[in-house]
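This briefing covers selected local features of a predicted model. The points below are grouped by topic.

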Amino acid sequence: MNKTNKDYFTFNVHDSALVVGQTGSGKTELVRQYIRRLEQAFTPEQMKYVIYDLKVVEFDPRWEGGAKQEYLYTPVRTGKPEDMDYLEELAQLAEKRAAEEPQPMIFIYIEECDLAVQYPERLHSTVTKINANAKRANMKLIFSTSRPSPDIITPNFRDSFDLRLSGTLASEADERTMGIPGATSLQPHEFIVKEL
């Protein structure tokens, strides 16, 4: 584990990351910086986003700082039941792509955890399946939440990610759920990194 500032951290080599931290800890800004780096490294033909922006405002292409329209694989998802169905389709696509030489790279970002509250078993099994195939399927997935409770972040779900990033957490119970001691004392935009 190490500590880093969001401005000096990149996780390009990882296929999946779990990002947690209280509201205002810098999770969304960290992912925005990552998205900007992807846009510098890849053309829209080489890389596409699937974004679940459950707050509707963070990554919508109509807003400043949102995802660029030409990079979207599908319109920004907002957490409706059909969006969960689509995530399951992406898991099936990951299995299919794992047997090919897939292009373009598909980057999936899930902001906040409303889907985990509405459909916990479906979300956990789907994300775990995508993570298991991510490298061979040329896919990356980041799941971000401010509520790392044990019912949302189960051990199997947590352990399916290559990397855990923690901003400031609210309690020692959250630290235990994440397996990242010391996260309650972090400053805003400061993260503890745990590679698995």
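The buried residues of α4 pack against β2 (16-20), α2, β4, α3 (114-118), β5 (139-145) and α5 (155-159). In this predicted model, the buried positions of α4 are L123, H124, T126, V127, I130, N131, N133, A134 and A137.

**Geometry of α4**

- Helix α4 spans residues 120-137, 18 residues in total.
- From its first C-alpha to its last, α4 reaches 24 Å, close to the 26 Å expected at 1.5 Å a residue.
- A bend of about 30 degrees occurs in α4 at N131, and N131 is among the buried residues of the helix.

- P102 counts as buried because its relative accessibility is 10%, under the 20% cut-off.
- Leaving aside residues up to four places away in sequence, P102 is in contact with R97, R136, A137 and N138.
- A distance of 9.0 Å separates the C-alpha atoms of P102 and M139, which are 37 residues apart along the chain.

**Nonpolar surface patch**

- V56, V57 and W63 form a nonpolar surface patch of about 290 Å².
- V57 is located in the loop between β3 (47-53) and α2.
- With a relative accessibility of 45%, V57 counts as partly exposed, since this value falls between the cut-offs of 20% and 50%.

Terms used:
Residues are numbered from 1 along each chain as its sequence is written. This is a predicted model: local features need pLDDT of at least 70, side-chain atom pairs count only at pLDDT 80 or more; totals for chains, interfaces and linings use all residues. Side-chain values use heavy atoms; hydrogens and water are left out. Buried means under 20% relative accessible area, exposed over 50%, partly exposed in between (1.4 Å probe, protein chains only). Contact means heavy atoms within 4.5 Å. Patches are made of residues with over 30% relative accessible area and no salt bridge: like charges are joined within 9 Å, nonpolar side chains (Val, Leu, Ile, Met, Phe, Trp, Tyr) within 5 Å. Accessible areas come from the Shrake-Rupley method with a 1.4 Å probe; for residues, only the protein chains shown count as cover. A salt bridge is a side-chain nitrogen of Lys or Arg within 4 Å of a carboxyl oxygen of Asp or Glu. Helices (H or I, at least four residues) and strands (E, at least two) are DSSP runs, numbered from the N terminus. The expected span of a helix is 1.5 Å times one less than its number of residues. The bend at a residue is the angle between axes fitted to the seven residues ending there and the seven starting there.
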